[in-house]
2 protein chains.
Amino acid sequence: MGVAMVGLRVLGIDPGLTRCGWGVVEGRPGARPTALGVGVVRTSPDLDLELRLLEVHTAVTALLREHRPAAVAIERVFHQNNKGTATGTAQAAGVAALAAAQADVPVAWHTPSEVKAAISGSGRADKEQVTLMVTRVLGLTTPPKPADAADALALAICHVWRAPAQQRLRVAALAGGIGAPVPAARTLPRWTGISR
Amino acid sequence: MGVAMVGLRVLGIDPGLTRCGWGVVEGRPGARPTALGVGVVRTSPDLDLELRLLEVHTAVTALLREHRPAAVAIERVFHQNNKGTATGTAQAAGVAALAAAQADVPVAWHTPSEVKAAISGSGRADKEQVTLMVTRVLGLTTPPKPADAADALALAICHVWRAPAQQRLRVAALAGGIGAPVPAARTLPRWTGISR
């Protein structure tokens, strides 16, 4: 197995109750990543909050089973905007993180400006620029829609590109011909783990 | 079976990551409720956020299995205070609500002022007054500690006392000698269900 095949598979989550974007990307730092899946989980505002959270949790659990990512990258939520929406967004992020913990997959939290800087070179890029760069970087023929889906892919790309420590360990293990599996991601340094 | 035995069993949750208070109360409007259990779930700040959420979710799931409440009452979280703490509190509330939904138990959200007004007659009661009233109302020999545990009992009492519609249906069903179980709580009117 060559080093070129070594890739980190990441599930990106742009949390939300009305629209929760998700995207699965595989790649390594300094290389063009590959998109493996993208979509949006929608829950009805007519449902009680706990049932909306149940739908998000169930969907993320299913995505983890289907795609078996090595990490989940979730947008770090802030509360500068609408209070009501921020609570639901934080809770959607919480149940997504819970699903990852239940599947024993490590979670990394990235701020919107970290993601924008990683994908476009500017922490102040607007939504159109992020979508454009995601489309180009992944070599897609059409831009992913809605913006929540593109943002989830951007989160996953950001995490793949910001993961040099884990990547070096994996490459070293494979390059050295070590047959045993690399240590579980959870035991590796959490270089981007901002959990509080 | 007499009407006097009819009671609504409620699990109250005062959400938090460092301390998540819980209390189980059984009773009916206008009567002195009974405390069936009280405690606090603590998670270490040294753990990653997703693992703390996993511990809260696992604990609430176990409490639902043990006590089989007819409803879960959770404090409605606002964001006027510390931003970082508010996010964790909202997420702890979210995974508690998720656990309830997974157990098919309806969730009601009560604001701190609703709870204070229900238990003490004043929406501006301080923590000491709430603890004192909870102790008196439940006929406890010692005040529940810490305050998070007392707050969780207050939430459960608030919900029991504010549940006249569901209570009347249950009483009517039993008083009329109807042998079949009353409809599942989820299908009854959600008189206090503030979910957004």
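## A guided tour, beginning at a glycine of chain B

Begin by selecting Gly139(B), which follows α4(B) and has a positive phi, near 65°; helices here (H or I, at least four residues) and strands (E, at least two) are DSSP runs, numbered from the N terminus. Before going further, keep in mind that this is a predicted model, in which local features need pLDDT of at least 70 and side-chain atom pairs count only at pLDDT 80 or more, while totals for chains, interfaces and linings use all residues. Residues are numbered from 1 along each chain as its sequence is written, chains are lettered from A and ligands numbered from 1 in the order in which they are written, and side-chain values use heavy atoms, with hydrogens and water left out.

**Helix α4 of chain B**

Now select residues 127-137 of chain B, the helix α4, where Val130(B), Thr131(B), Val134(B), Thr135(B) and Val137(B) are buried, a word that stands for under 20% relative accessible area (1.4 Å probe, protein chains only). An α-helix has 3.6 residues a turn, so residues three or four places apart point the same way. At the start of α4(B), show Asp126(B), a side-chain oxygen of which reaches to within 3.2 Å of the backbone nitrogen of Glu128(B).

**Chain A as a whole**

Move to chain A, whose secondary structure comes to six helices and five strands, arranged along the sequence as β-β-β-α-β-α-β-α-α-α-α. Of its 196 residues, 49% count as buried.

**The annotated residues of chain A**

Which residues does UniProt place under "active site"? The unreviewed entry gives Asp14(A), Glu75(A) and Asp148(A), although such annotations may be inferred rather than shown by experiment. These residues are spread over 135 residues of sequence and yet cluster in space, with a largest C-alpha distance of 10.9 Å.

Select Asp14(A) in strand β1 (residues 8-14), and note that Asp14(A) is buried, with a relative accessible area of 7%. Leaving aside neighbours within four places in sequence, the residues in contact with Asp14(A) (heavy atoms within 4.5 Å) include Arg19(A), Glu75(A), Asp148(A) and Leu155(A).

Glu75(A) comes next, in strand β4 (residues 71-75); beyond four places in sequence, Glu75(A) touches several residues, among them Asp14(A), Trp109(A), His110(A) and Leu155(A).

Then select Asp148(A), which sits in helix α5 (residues 147-161) of chain A and is buried, with a relative accessible area of 14%. The side chain of Asp148(A) makes a polar contact with the side chain of Arg19(A) at 2.9 Å; such a contact is a pair of N or O atoms within 3.5 Å, where within protein one must be able to donate a hydrogen and the other to accept it, and residues adjacent in sequence count only if both atoms are side-chain atoms.

**Where the chains meet**

Finally, show both chains together: 30 residues of chain A are in contact with 30 residues of chain B. Across this interface the rule finds six residue pairs in polar contact, both at pLDDT 80 or more. On the side of chain A that touches chain B, α1 (49-67), α2 (83-102) and β5 (107-110) each supply at least two residues, and the largest share, 11 residues, comes from α2(A).

Notes. Buried means under 20% relative accessible area, exposed over 50%, partly exposed in between (1.4 Å probe, protein chains only).
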